[in-house]
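Here is a brisk report on a model with its sequence. Read it with the viewer open.

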Amino acid sequence: MKSIVQKNQLRTTLLQAIEEHSGQSVVNCYQCDKCTAGCPIAADMDTPPNQVMRLLQLGLVDEALRCKTIWLCASCETCTTRCPREVDLAAVMDACRNIALREGVPVPDRAIALFNRTFLSIINRYGRLFEMEFIGRFNTGTFNFFKDMTKGPTLMAKGRLTFLPSLGGRKTACSVFGDVRKVRLHLPPAPLDAGGNHAVPAREAHETTE
Amino acid sequence: MKYAYFPGCSLHSTAIDYDESAKALAGALGLELMEVPGWSCCGSTPAHSTNQLLAAALPAKNLVAAKAISDEMVVCCSACFSRFKFAQKHLEEKPQLRAQVADMMPAADAQKVRVRHLIDILTNDVGPEAIAKAKKRDTGLKVACYYGCLITRPPKVTQLDDPENPRFMDDLLKAAGMETIDWPCKTDCCGATFSLTRTETVLRLSAEILQMAKEAGADCIGVACPLCHTNLDLRQSDVERKLGVKYGLPVFYFTQLLGMALGLNAGELGIGRGLVSCKQLLAAKGVV
């Protein structure tokens with residue numbers, strides 16, 4: 001009994017967090033499927049966008065946070081633009097990604113997780129994107145060492161790739177990254193994460209507190 | 001009028017031709033662009049996918065720097081444009097986020113700057129009539145205007161033209177004496193940021209766009225976003241190899257196309273930096 005109550009509490013808290021983050025109310029969706037019909041990436045998704053909304057409506061938040069769909073969303077904003085109920089679905093996807101990371105839910109697509117991490121670490125270091133290092137680190141991390149290798153020299157010959165990073169925005173970006181890190185340290189711990197262990201997925205975290 | 005100018009990471013590397021042509025075109029039309037001092041990355045997709053505060057604070061910091069120069073900031077990259085617009089929207093709508101950002105910088109300044117895409121300035125401040133007057137050469141190009149996702153979507157945020165059938169790029173290019181084709185892929189997604197992570201998806205989406213442009217009889221494609229340019233130009237040979245077809249469709253930034261009509265020379269506009277060769281096409285039309 002206690003388990004069911006706790007599970008429900010966790011779901012409600014997470015759903016609230018998603019709704020607050022996105023500024024959307026999931027009950028507004030009436031499942032017309034228009035988002036899925038227009039989604040350019042739907043064919044690659046494990047759960048179509050309208051079904052992610054359905055999962056959230058049913059309170060199956062952990063299923064929604066674990067699906068590939070939230071990470072495959074390209075933020076093209078087609079669904080948001082076309083929704084007859086004016087649900088900002090792209091904002092819901094963004095919220096799901098943010099909350100999934102906060103709760104320590106593993107990202108099901110390794111390449112995308114690596115892409116995001118590497119990109120931000122380069123911005124943190126140089127202030128602006130340095131393509132050469134970025135692609136080198138990304139290819140190394142995905143063990144796909146020679147991907148797009150032939151394009152490098154051509155781009156360089158055309159003057160579209162530089163050997164050195166541009167450091168003009170370093171001060172600007174570093175101060176922002178520093179400030180954001182400080183805010184995160186002062187945030188109250190995530191709900192129902194009593195162990196303080198963010199690396200454990202929400203479901204396991206709850207089960208180990210039993 | 002003087003505008004603060006935010007180039008963004010791409011325009012200093014893979015889209016250097018966009019930067020060159022935007023500056024040359026602005027100069028020819030009497031727009032003064034002043035680069036935001038110490039500008040940094042807007043955070044792009046990796047920031048908004050992972051950390052809302054970072055996704056608002058990075059653009060806000062750049063907007064504060066822009067405010068010192070002008071009340072209006074020009075952005076060329078559609079993705080950066082979208083991130084700035086969203087950051088302002090979130091600062092407006094989320095009091096907690098606004099308070100956190102206000103602790104780091106004068107957030108009110110960031111909200112006051114009017115963020116505008118270069119194509120919006122050319123359409124609404126300069127106007128197609130002025131472009132028609134400034135035209136010096138008939139290029140005779142038949143262009144497929146590809147708007148992509150983030151200039152028009154979501155319209156509540158971008159506040160530009162029709163999100164399903166935008167016409168502002170067509171209007172500008174027509175005023176400059178070009179023919180623009182009517183085609184159905186104007187606002188389709190090219191896969192954008194997945195160019196590295198999910199290349200197959202990008203090839204599938206870009207193939208549809210290239211195929212449709214070719215079938216509709218375009219000579220070339222006009223774009224307004226460095227990511228669209230990357231996927232259609234840099235990935236075009238990959239698409240051709242995968243499908244066993246030959247498109248040979250050069251991809252130009254709309255600034256390059258307008259610049260050519262205004263009689264600017266190819267070097268100033270960065271023409272020839274694309275991976276798909278445009279030599280044959282431009283020679284046939286007598287442009288270069």
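In helix α3 (residues 49-57) of chain A, the buried residues are A:Pro49, A:Asn50, A:Val52, A:Met53, A:Leu55 and A:Leu56. Just after α3(A) comes A:Gly59, with a positive phi of about 80°. The model is predicted, and this holds for everything below.

**Chain A**

Chain A has 12 helices and 0 strands. Its elements, read from the N terminus, run α-α-α-α-α-α-α-α-α-α-α-α. Of its 210 residues, 39% count as buried. Take the contacts in chain A with a separation of 6 or more: residues 24 or more positions apart account for 66% of them.

A:Arg117 sits in helix α8 of chain A. Is A:Arg117 buried or partly exposed? A:Arg117 has 16 other C-beta atoms within 10 Å, so it counts as partly exposed. Burial would need 20 or more. A:Arg117 and A:Asn144 lie 27 residues apart in sequence. In space, their C-alpha atoms are 17 Å apart.

**Where the chains meet**

How many residues of chain A are in contact with chain B? The count is 46 residues of chain A, against 47 residues of chain B. On the chain A side, the elements that give two or more residues are α6 (78-82), α7 (89-102), α8 (110-126), α9 (131-141), α10 (151-157) and α11 (170-186). The residues on that side divide into 19 nonpolar, 16 polar and 11 charged.

**The nonpolar core**

In soluble globular proteins, nonpolar side chains tend to be buried together. The largest nonpolar core here has 158 residues. Those with the most contacts inside this core are A:Cys96, B:Ala60, B:Met73, B:Val75, B:Leu172, B:Ile221 and B:Leu257. Which element gives the most to the core? That is α3(B), with 11 residues.

Leaving aside neighbours within four places in sequence, B:Leu172 is in contact with B:Leu122, B:Thr123, B:Pro128, B:Ile131, B:Phe254 and B:Leu258.

The table sets out the packing.

| Pair | Residues | Angle | Axes apart |
|---|---|---|---|
| α3(B) and α5(B) | 52-67 and 95-104 | about 50° | 10 Å |
| α10(B) and α15(B) | 168-175 and 254-261 | about 20° | 9 Å |

Start with α3(B) and α5(B). At an angle of about 50°, the pair is therefore oblique. The crossing is right-handed. From α3(B), the contact takes B:Gln52, B:Leu53, B:Ala56, B:Ala57 and B:Ala60. From α5(B), it takes B:Leu97, B:Gln100, B:Val101 and B:Met104. These contact residues divide into 7 nonpolar, 2 polar and no charged. B:Ala60 of this contact is also listed among the core residues with the most contacts.

Now α10(B) and α15(B). The crossing of α10(B) past α15(B) is left-handed. B:Met169, B:Leu172 and B:Leu173 in α10(B) meet B:Phe254, B:Leu257 and B:Leu258 in α15(B). The residues of this contact divide into 6 nonpolar, no polar and no charged.

Note on methods: Residues numbered from 1 in each chain as written. Chains lettered and ligands numbered in written order. Predicted model: local features only at pLDDT ≥ 70, side-chain atom pairs only at ≥ 80, totals over all residues. Axes fitted to C-alpha atoms, helices over the stretch in contact; angles between N-to-C directions. Helix = DSSP H or I, 4+ residues; strand = E, 2+ residues; numbered from the N terminus. Parallel < 35°, antiparallel > 145°, perpendicular 65-115°, else oblique. Left-handed = near helix turned anticlockwise from the far one by under 90°. Contact = placed C-beta atoms within 7 Å. Nonpolar A, V, L, I, M, F, W, Y, C, P; charged D, E, K, R; others polar. Core = buried A, V, L, I, M, F, W, Y, C linked by C-beta atoms within 7 Å. Buried ≥ 20, exposed ≤ 12 C-beta atoms within 10 Å, placed from the backbone.
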